[in-house]
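Please walk me through this structure.

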Amino acid sequence: MKDPVIISIGGGKGGIGKSTITANLGAALTLRGNRVGYIDADLGDANLHLCLGVKRPPAGLQDYISGRYKKLDDVAVTTSVPNSWLVSGASDFLELANPNFAQKQKIINNLKKMAADYIFVDLGAGSDYHVTDFYAAFPYGIVVADGLPTSIENAYGFLKNGTIRGLVRLFAGHPEIQARIKSFSDPETKREFSTVNNFLASMVKDHAKDVEIMKEWLHAKKNLLIINMVRNADDIKVGTRFAEMVKKYLSIDLHYIGYVVYAPEVRQSIREMKPIVLTQEATRIKDCFDAISQNLLALTKGPIR
Ligand SMILES: Nc1ncnc2c1ncn2[C@@H]1O[C@H](COP(=O)(O)OP(=O)(O)O)[C@@H](O)[C@H]1O
Ligand SMILES: [Mg+2]
């Protein structure tokens, strides 16, 4: 059995459609014959189960973190999307809203053992390390923005922090390197560098080997962009411009994999607790998810069926 392709979905801002996109993109991939897993990592504000037709999940991620259930598999439930499973984030245990490092690591390590072709990790709002650690941990990450300056700024901060956390993770046990990496985002200590490339150049003289390790991770990490709630042609272009800006100011590659139109029917589909791509009617928004799912399949070289 092949390892699943694990993709986290974030973007910094709440209410921009991360959970809607997670639910629908996963469903679009099941329609192409893939088995899909969903993880709701938005523990403070979990609602992915509702997008997937699960009213009250009997168990969830917190029950696994707390040790009440031994295997991640034990807390996975079936959803209204055929050929999928969900590990919900809904729980009455609020104290576990932010798992500690070891708890996060346990989830990250065990996710790869789950039976799926694709696993989507739906992240919460914000750009602090509780959220960006999950973004950094997996090979693929989708950043969602809605095209307005507010969400673009959040997405930029999210991507920057996610990258810093990814680099920091590489140097467990080397606090001096970690401190240098963290200072990248600190306006007080930021001196000669602002882009990732400038930073690596500033490190290369004394830490050539570490710079190689960082470059390898940066190269392997695939940052993908989706613009949601698109209403006109200008909104679509925001994605291209944002990816260029990220390249210029951060020297991070961000691949624009598509947009999703604003569709009033989304509200109805949430009320019906069923992803819109599974409804019968032909709609523009279904075409958007279909196009993005094809791009994802091509990018991940997953099983194209
Ligand atoms: N493409 C879209 N068209 C219309 N409404 C949308 C679209 N995407 C999301 N929404 C609406 O926006 C709200 C927030 O979406 P949600 O997926 O919960 O965001 P997030 O997970 O980022 O907080 C929901 O009410 C949803 O119905
Ligand atoms: Mg959400």
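Tyr129 lies in helix 5, which spans residues 129-137. Helices here are DSSP runs of H or I with at least four residues, strands are runs of E with at least two, and both are numbered from the N terminus. Tyr129 is partly exposed, because its relative accessibility is 43%. The scale is this: buried means under 20% relative accessible area, exposed means over 50%, and partly exposed lies in between, with a 1.4 Å probe and protein chains only. Leaving aside neighbours within four places in sequence, Tyr129 is in contact with Lys104 and Arg165. Contact means heavy atoms within 4.5 Å. Ala220 is 91 residues from Tyr129 along the chain, and their C-alpha atoms are 20 Å apart.

A word on the source. This is a predicted model, in which local features need pLDDT of at least 70 and side-chain atom pairs count only at pLDDT 80 or more, while totals for chains, interfaces and linings use all residues. Residues are numbered from 1 along each chain as its sequence is written, chains are lettered from A and ligands numbered from 1 in the order in which they are written, and side-chain values use heavy atoms, with hydrogens and water left out.

Now take Thr30. Helix 1, residues 18-31, holds this residue. Thr30 has a relative accessible area of 11%, so it counts as buried. Beyond its neighbours within four places in sequence, Thr30 is in contact with Val36, Val81, Pro82, Asn83 and Ser84.

Next comes strand 6. Why is strand 6 largely enclosed by the rest of the structure? Because 6 of the 6 residues in this strand, residues 140-145, are buried. Tyr140, Ile142 and Val144 point one way. Gly141, Val143 and Ala145 point the other way.

Strand 6 also has partners. Two strands pair if DSSP finds at least two bridges between them. Strand 1, residues 5-10, pairs with strand 6 in the parallel sense over 4 bridges. There, Gly10 stands opposite Val143. Strand 7, residues 222-230, runs parallel to strand 6, and 6 bridges join the two. Lys222 in strand 7 is the bridge partner of Tyr140.

Last, the cysteines. A disulfide is a covalent bond between the sulfur atoms of two cysteines. The test is a pair of cysteine sulfur atoms within 2.5 Å. How many disulfides does a search of the whole structure find? The count is 0. Cys51 is in no disulfide, and its nearest cysteine sulfur is that of Cys288, 18 Å away. That distance is too far for a bond. Cys51 counts as buried because its relative accessibility is 10%. Cys288 is at 8%, so it counts as buried.
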